[in-house]
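The model is a predicted one.

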Amino acid sequence: MAVLEVEIWRGAGGDGAWRRYTVPHRANQTVLDVVTHVQRHIDPSLAYRFACRVGMCGSCAMTVNGRPRWTCRTHVSQAARKGRLRIGPLRNLPVIRDLAVDTAPFFEKWRDAGARFVPSATPPDAPVRPDEPERAAADAGIECINCAVCYAACDSVAWNPDYPGPAALNRLWTLVNDRRDGDRDGHLEAAGAGCHLCRSHQECADACPTGLNPTAAIAGLKREVFRRTLGGGARGRRR
Amino acid sequence: MKEAWLFAAQRISALVLAPLVLLHLGVILHAVRGGLSAEEILSRTGGSPFWGVVYGLFVLAAAVHAPIGLRAVLREWGRWRGAGLDIAMALFGLLLLVLGLRAVMAVL
Amino acid sequence: MRRGPWWAFLLHRLSGVALAVFLPFHFLVLGLAVERAALDGVLDWTKSPWVKLAEAGLVVLLALHLTGGLRLLLLEFGRWSGRQQSRIALAGGLALLAGFGFLAAAFA
């Protein structure tokens, strides 16, 4: 029977170590399958998260051979290097235990950036058509499910504790492009407080399992904030 | 919003620097290749308002651009933050401005 | 995962820091030399191989930083996204670097 040599991070908080396990190697095996096997058959004390296991919820995000990924969507055959796997918790977030991280900072930054739709009393003048350039720009970013993979991939998050991160800024960009939103100026103000820490590495775009491009969204924010800065504040005008 | 203004200043000074850098390299190449002597260089630049303005602008743009860039590096990799860093960077910009304009005046 | 854009960022940042460190010295030397009306002596000094090497290095640093900066400006103010801008910037950058390389060789 073929086997896999797997190293899994075990520990709580800042302390821990890599522990080695040998698991059966099967065809069409995902990294989540491997972690599940370890917890069920080798060490029940292993802490990890998953939910849908079909690539829809993002709960199973972990660091696999140095890259943040959805483990249910990561085939061992693609991720393993010479039959070896190293599975750790997501970067840039506090580790609760083993492979489970505390995602609160990720969501707090989202909240603090005001990255949510602000309703207005009056509907827009005309119906919003899906082929309008702004709507297309918004639609390109709305599939985000807040899995924090981009946040884990981002070096700017690692280097700057106050950087909101790619997901929150990506959401802000969808709102800035949403004609129905009632506080475009507020969103740009919030964006301007943090978007400039993006250095356009595009690690987020590379890592996003949904295929979003936060770097492009943040570039858009920089552009609009630039216009607003020089233009002396938004007058509620679109483009 | 401070960061937005710094970003704007950084990008605008970059747009100013780009053509001036190319111009400067062209000038230097011409001077070195042409084997010009000191008198010849200074006779062309001396008292010329054009060169004064061009190089004055060059120095000004560099004095804005370099400190803002360094500030970003020191914040991220040097873990230096706050008013202390901002003051230090402003002083660096001032240093560049003073030394640069002094050099410009010397050739005018 | 560190790919093209990450290395482009690194080169851009390192070349920027190097230029920022060099610039005050450049201004100082220029100002001092001309003030002392010793420009000819300075120009002779610039023919030394070490100085030429340093100047060539400087030109390369400028090319790297200018290219990286233009890539950023295109990314931020141009209306494109995806992989193409990195490839185009790389192609443009190599071209610029080649041009600057010739310039550097001209100093030698």
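## Chain C: overall make-up

Along its sequence, chain C follows the pattern α-α-α-α. Its secondary structure amounts to four helices and zero strands. Of the 108 residues in chain C, 26% are buried. When contacts in chain C between residues at least 6 apart in sequence are taken, 85% of them join residues at least 24 apart.

## Helix H3 of chain C

H3(C) contains 29 residues and spans 41 Å from its first C-alpha to its last. At 1.5 Å a residue the expected value is 42 Å, and the span is close to it.

Buried positions in H3(C) include Val59(C), Leu62(C), Ala63(C), Leu64(C), His65(C), Leu66(C) and Thr67(C). Further along the helix, Gly68(C), Gly69(C), Arg71(C), Leu72(C) and Leu75(C) are also buried.

## Contact between chains A and C

Chain A gives 13 residues to the contact, and chain C gives 10 residues. On the side of chain A, two elements supply two or more residues each: helix H9 (203-207) and helix H10 (214-231). H10(A) has the largest share of that side, with four residues. By class, the residues that chain A places against chain C are three nonpolar, four polar and six charged.

Within this contact, how do the axes of H10(A) and H3(C) cross? They come within 7 Å of each other and cross at roughly 85°. H10(A) is therefore roughly perpendicular to H3(C). The residues involved are Ala219(A), Lys222(A) and Arg223(A) from H10(A), and Leu75(C), Glu76(C) and Phe77(C) from H3(C). The contact of these two helices has three nonpolar, no polar and three charged residues. One of the H3(C) residues in it, Leu75(C), is also on the list of buried residues of that helix.

## The sheet of chain A

Chain A has an open sheet of five strands, in the order E2-E1-E5-E3-E4, and its pairing is mixed. Strand E2 (17-24) and strand E4 (67-70) of chain A are at the edges. Each has a single partner strand, so one side of each lacks a neighbour in the sheet. From one strand to the next, the twist averages 35°.

Helix H1 (residues 31-42) of chain A packs on this sheet and touches E1, E2, strand E3 (61-64) and E5 of chain A. The direction of H1(A) makes about 95° with that of E2(A).

## Strand pairs around E1

Which strands pair with E1(A), and in what sense? Strand E1 (residues 3-10) of chain A pairs with strand E5 (residues 84-88) of chain A in the parallel sense, over four bridges. In this pair, Glu5(A) has Arg84(A) of E5(A) as its bridge partner.

E1(A) and E2(A) run antiparallel and are joined by eight bridges. Opposite Ile8(A) stands Arg19(A) in E2(A). The hairpin of E1(A) and E2(A) has six residues between the strands, and in it Gly11(A) takes a positive phi near 155°.

Arg53(A) has a phi near 55°, a positive value in a residue other than glycine. Arg53(A) is located in the loop between H1 and E3 of chain A. Is Arg53(A) buried or partly exposed? Arg53(A) has 17 other C-beta atoms within 10 Å, so Arg53(A) is partly exposed.

Gln202(A) is likewise a residue other than glycine with a positive phi, here near 65°. Gln202(A) is in the loop between helix H8 (184-192) and H9 of chain A. Gln202(A) counts as buried because Gln202(A) has 29 C-beta neighbours inside 10 Å.

## A position in chain B

In chain B, Leu60(B) lies in helix H3 (residues 49-77). Leu60(B) counts as partly exposed because there are 18 C-beta neighbours inside 10 Å. Leu60(B) and Ala106(B) are 46 residues apart along the chain, and their C-alpha atoms are separated by 16 Å.

Methods: Residues are numbered from 1 along each chain as its sequence is written. Chains are lettered from A and ligands numbered from 1 in the order in which they are written. This is a predicted model: local features need pLDDT of at least 70, side-chain atom pairs count only at pLDDT 80 or more; totals for chains, interfaces and linings use all residues. Two residues are in contact if their C-beta atoms, placed from the backbone, lie within 7 Å. Ala, Val, Leu, Ile, Met, Phe, Trp, Tyr, Cys and Pro count as nonpolar, Asp, Glu, Lys and Arg as charged, and the others, Gly among them, as polar. Axes are lines fitted to C-alpha atoms, for helices over the stretch in contact, and angles run from 0 to 180 degrees between N-to-C directions. Angles under 35 degrees count as roughly parallel, over 145 as roughly antiparallel, 65 to 115 as roughly perpendicular and the rest as oblique. The expected span of a helix is 1.5 Å times one less than its number of residues. A residue is buried if 20 or more other C-beta atoms lie within 10 Å of its own, exposed if 12 or fewer, and partly exposed in between; C-beta atoms are placed from the backbone. Two strands pair if DSSP finds at least two bridges between them.
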